[in-house]
Amino acid sequence: MNTTKEKLIKLLFAAAAFSSLALLAGIIIVLFREALPVFSFVSPLAFLGGESWYPTAEPPEFGVWPLIAASAWVTGIALVICVPLGVGSALYLHELAGPRQRAALKPVIEVLASIPSIIYGFFGMTVMAPFMQEAFGLPIGLCALTAGVILGVMATPTVASIAEDALGYVPRSFREASFALGANRWETLVKVIVPAAGSGISTAVILGMSRAIGETMTVLMVAGGAAVVPSSVFDPVRPMTAAIAAEMGEAAVGGEHYHALFAIALALFLVTFVFNIAAELISRRYRLKLGLAR
Amino acid sequence: MLSTAIENPEARPPSGPVTVNAGSTAEGETTGFEPKMSARGVNFYYGPKRALKDISLDLPPRMVTAIIGPSGCGKSTFIRLLNRMNDLVPDARLEGEILLDGFDINRPACDAADLRKRVGMVFQKPNPFPKTIFENVAYGPEVNGLRDRLALEERVENSLRRAALWDEVKDRLRESALGLSGGQQQRLCIARCLAVEPEVLLFDEPCASLDPISTAKIEELILDLRRQYTIAIVTHNMQQAARVSDRTAFFLMGEIIEVGPTGRIFKAPRDRRTEDYITGRFG
Ligand SMILES: Nc1ncnc2c1ncn2[C@@H]1O[C@H](COP(=O)(O)OP(=O)(O)O)[C@@H](O)[C@H]1O
Ligand SMILES: [Mg+2]
C-alpha cells in the first residue's frame with residue numbers, strides 16, 4: 001500500500017526530471033528537421049559563406065555570412081566591454097570593497113542582471129543611439145557599436161557575478177600562504193588569487209559571451225537591421241537572432257526562407273551549446289584543481 | 001652574530017631594544033641567550049573578546065619552543081601575532097609588545113611583508129598553491145625580487161633538500177603540487193617557507209592533518225632545522241612537544257600557566273593545571 005504510493009511519487013518526480021531531457025531532445029529534433037532541408041536548395045558553403053541575404057527577392061539568395069559577421073562583431077564589441085567591466089567589478093567587490101560597499105553593490109549587480117532586455121533596448125534606442133549619432137557624426141545611431149555596447153553592459157552583471165563566485169571559491173589558505181611568504185596584497189591578487197580563479201573567470205566570460213550572442217530583443221532594436229557584411233563598427237547590422245525574429249513572421253511555413261531561418265537557429269544553438277559545454281568543462285576542471293570536487 | 005643595532009641602524013624605536021628581561025622567562029628560569037623573539041605583556045582582543053591575557057614569552061634563538069594547551073586556548077592567536085598574520089583580522093586589537101631581535105614588530109616603520117620574510121609560517125592544513133612544485137617553492141623568492149633563473153633554481157633545490165623532499169620530487173618539479181600526498185605537501189610548504197630564508201619558523205599544528213609516518217618525517221625535519229632557525233611549534237600532541245622541543249609553554253584560556261625546559265615541564269610541572277593537562281586529565 002505504502003510502497004505503491006512511494007513508487008508513484010518517485011515516478012512523478014522522475015517524469016518531471018526527465019521531461020526537461022525530453023524537451024531538449026524535442027527541440028534538437030525539430031531544429032534539425034526544419035533546418036536540414038535548406039541544403040536541398042543551397043549548398044552548405046553557399047549558405048554559410050554567401051554574402052547576399054535576400055530571402056524575399058526573386059530569385060531569393062540565402063547567404064548568411066552578413067548575419068554571422070554581424071553577430072561576431074556585435075559579440076566581439078560586447079566582450080570588449082563586459083570582460084574588463086565584469087572582471088574588474090568582481091575583483092573590486094571581492095578584494096577591495098569593504099563589507100558595507102559589497103552589501104550595497106552586489107544587489108545592484110543582481111538587479112542589473114534581471115532587467116528585461118527590452119528595457120535595455122529602449123535605453124539603447126532613445127539614449128545611446130542619439131548619443132552615438134551626435135558623438136561620431138553618424139547618419140544613424142543604430143549600428144554594430146551601439147548594439148555591442150548595450151549587449152556588453154547587459155552581459156556585465158553575468159560576468160561579474162560568476163567571476164566573483166569564482167574568486168570566492170579560492171580558499172583563504174592560499175591568501176594566507178602568500179602573505180606569510182612576504183607577498184603584498186597586489187602580488188597575492190595577481191599571482192595567486194586570479195590564476196587560481198582563472199578557469200572560473202574564463203567560465204564567466206564564456207557564459208557572458210553566450211548571453212551576448214543569443215540576445216535578440218536588444219539587437220533587433222538597436223543594431224540597425226541591415227543584412228550587409230559590416231566594414232566598420234558604425235555600420236548598421238543584422239545579427240542572426242535579429243534576422244530570425246524579424247523575418248520568421250513573414251516566412252511561409254515550409255518554404256525556403258522558413259528552412260533557412262531554422263538553419264540559422266540551428267547554427268546559433270550549436271554555438272551556444274558548445275560555449276556552455278566548454279564553460280562547464282572548464283569550471284569542473286577548476287573545482288578539481290582547487291580540490292573542491294573529485 | 002651581528003647585533004640588532006647594526007642590522008637595523010635606522011629602525012631603533014624610541015625606547016631602544018628591550019633587554020631588561022632578556023634571557024629570562026616569567027618564571028626567572030634563564031635560557032642563557034638573548035631571545036630572538038619575545039612577547040611582553042600581550043593582550044589580544046577579537047572585537048570585545050579577549051583571547052590572550054598578559055602573555056610574556058621568549059623564543060630563545062636556535063631552539064624549539066613548543067606551545068601546548070587545549071583547543072581554543074589561544075595558541076594559534078599567539079603564534080599568528082609573531083608574524084602579524086592577525087593584521088588581516090578585522091576588529092582585532094593588540095596591547096603590549098612583540099619584539100624581534102629587540103625591536104617592536106608592530107612599530108609603524110616595520111613593514112608586515114618584510115617582517116614575514118624573516119618570520120615564516122607553516123599552517124595547520126598543508127596549503128600549497130595550485131601551481132607546480134617548482135613554482136610553489138620559487139614563489140617567495142620571486143615576490144622578494146629574485147629574478148635570476150639559475151639562482152632561483154638553486155634556491156628551489158636547496159630548499160627542497162633542506163625540507164627532505166628533493167629526492168621524492170626532483171623528477172616532477174613541473175607537476176602540480178596538488179598531486180603530492182598530504183605529508184609531502186606539508187614538507188613542500190616547509191620548503192616554500194625556507195626558500196625565503198627566514199630567521200624564525202612558526203609551525204601551527206603542522207601535523208594535525210597527517211598520518212603517523214608523515215608526522216614522524218616532519219618531526220625529524222624540525223629536529224634537523226632547529227639548530228639553524230628559531231622555531232615555535234603549536235601542538236596539542238604532548239609526545240610531539242616532548243620529542244621536538246627544547247622549551248614548552250602551557251597555555252590555558254588565553255594565559256600562560258607555565259613555561260620552562262621541556263623535560264622539566266613534563267617531568268616536574270609546577271602548576272597543578274599543567275600536570276592535569278599533560279597527564280590527560282582534561283583538554
Ligand atoms: N578570527 C577570529 N575572530 C573571533 N574570534 C576568534 C578568531 N580566531 C580565534 N578566535 C577565538 O579566540 C580563541 C582562541 O582561538 P585560537 O587561537 O584559534 O585557539 P587554539 O589555536 O589554541 O585552538 C577561541 O575562543 C576562538 O574562538
Ligand atoms: Mg589553533
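Here are some notes on a few helices and a hairpin in this predicted model.

1. Ground rules first: local features need pLDDT of at least 70, side-chain atom pairs count only at pLDDT 80 or more, and totals for chains, interfaces and linings use all residues. Residues are numbered from 1 along each chain as its sequence is written, chains are lettered from A in the order in which they are written, and side-chain values use heavy atoms, with hydrogens and water left out.

2. Look at helices H5 (residues 149-162) and H7 (residues 182-194) of chain B: their axes come within 8 Å and cross at roughly 130°. Axes here are lines fitted to C-alpha atoms, over the stretch in contact for helices, with angles from 0 to 180 degrees between N-to-C directions.

3. Who touches whom? By class, that's four nonpolar, one polar and one charged.

4. Over to strands S9 (residues 247-252) and S10 (residues 255-261) of chain B, which run antiparallel and are joined by six bridges (pairing takes at least two DSSP bridges). B:Phe251 sits opposite B:Ile256 of S10(B). The hairpin has two residues between the strands, and B:Met253 takes a positive phi near 45° there.

5. In chain A, helix H10 (residues 240-247) is mostly covered, with six of its eight residues buried (under 20% relative accessible area, 1.4 Å probe, protein chains only). The buried ones are A:Met240, A:Thr241, A:Ala242, A:Ala243, A:Ile244 and A:Glu247.

Methods:
Helices (H or I, at least four residues) and strands (E, at least two) are DSSP runs, numbered from the N terminus. Ala, Val, Leu, Ile, Met, Phe, Trp, Tyr, Cys and Pro count as nonpolar, Asp, Glu, Lys and Arg as charged, and the others, Gly among them, as polar. Buried means under 20% relative accessible area, exposed over 50%, partly exposed in between (1.4 Å probe, protein chains only).
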